[in-house]
Amino acid sequence: MTFQVTINSSSKLAYSDLYVAAASSAAKSNAGAWPEPEHLVKLDVKFRDYCYELTTKATNVEKFTAIISTFQQLAALRKNWDSYGALPLSHKSWASALRTLFVACDAGAECPYIGLTNTGGVHLEWSRSGRSLEIEIEGDARQFGYLIDGNEVREIEQITRDDILTFVRT
Amino acid sequence: MPQQPGDIFEDDPSIPDDMCLLRRVPPNRVVTEEKRPQSDTFSNSSDGTGTSVDLAIDENQIERTLADFPDFGVVAVTAGQVRALGLGVIRDPLPENANHALITGNKKKTSKLLVRLCEWKKLPKGCEWNI
């Protein structure tokens, strides 16, 4: 069974709103039942004129709501948001970051720190006791991965879901 | 990644190693759990020029740096710390800011170390730990 929820990045959204929406959808399709943890929830995520469809377990809805809420805040930043000429969020980097986050978080990774880079890209960061795994997604959607441990910075080419899961599980 | 103008190493030895270099940090660029700025805070400007900083020539420079940005914080690294990472510092005075300078050199990895070395001089709005 799949429940459908539509999220528009131009509108304010809180977890409770989304859950209400999910519950409402469930009520329509299943005579008042709430989504069970293993039920699938389809999220239609919109940013400007672009729409992406993500399907995940109901247990992940809260995590994805937090991610989308963060993107809403980042998408609201205007040119020069850092006072040094930074560019606003680009659609390509948003879509690429969303896909990366969806794949990683759907597989069990927690929500990372999400920030905007000054080129309109997205910065993702998971930290573990002094170590960090960082992914920089440029405005043109190119991805660069880095593992930082003390004074060492190692670049990871072609970062994968397994790289992320291995890091967050150590 | 193609080389940007700000990746080309230049250094002005007349800037002493103990000179503090100030960089503004907006409230949405703070990794709260780590109590530090986001890792790309010291990356080149979006136009590819070097990282803009202000030379802390006197004790009032922090106020001048934040004059139009009351919600922002400011961090400092020394010119010596920058040089120890293989980067350089040059003066780049602007009409409205005589103390403007640039950090030059390849910051692909070193910018991540700079945010771990830098020191908060003022926290951005919303940050509630002590400095």
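Is Phe72(B) buried or exposed at 10% relative accessibility? Phe72(B) counts as buried, a term that stands for under 20% relative accessible area, with exposed meaning over 50% and partly exposed lying in between (1.4 Å probe, protein chains only). The model is predicted, so local features need pLDDT of at least 70 and side-chain atom pairs count only at pLDDT 80 or more, whereas totals for chains, interfaces and linings use all residues. Side-chain values use heavy atoms, with hydrogens and water left out, and residues are numbered from 1 along each chain as its sequence is written, with chains lettered from A.

**View 1. Aromatic pairs in chain B.** Rings of Phe, Tyr and Trp (its six-membered ring) pair if their centres lie within 6.5 Å, with planes under 30 degrees apart counted as stacked, over 60 as edge-to-face and the rest as tilted; the count is 3 aromatic pairs over all chains. Phe69(B) and Phe72(B) form a tilted pair, because their ring centres are 5.1 Å apart and their planes stand at 40°; Phe69(B) is partly exposed, at 23%. Trp120(B) and Trp129(B), with centres 6.4 Å apart and planes at 65°, are edge-to-face, and Trp120(B) is buried at 11%, as is Trp129(B) at 13%.

**View 2. Charges over rings.** Arg23(B) lies over the face of Tyr84(A), 3.9 Å from the ring centre, and Lys112(B) over that of Tyr146(A), at 4.3 Å, where the rule asks for NZ of Lys or CZ of Arg within 6 Å of the ring centre and within 35 degrees of the ring normal.
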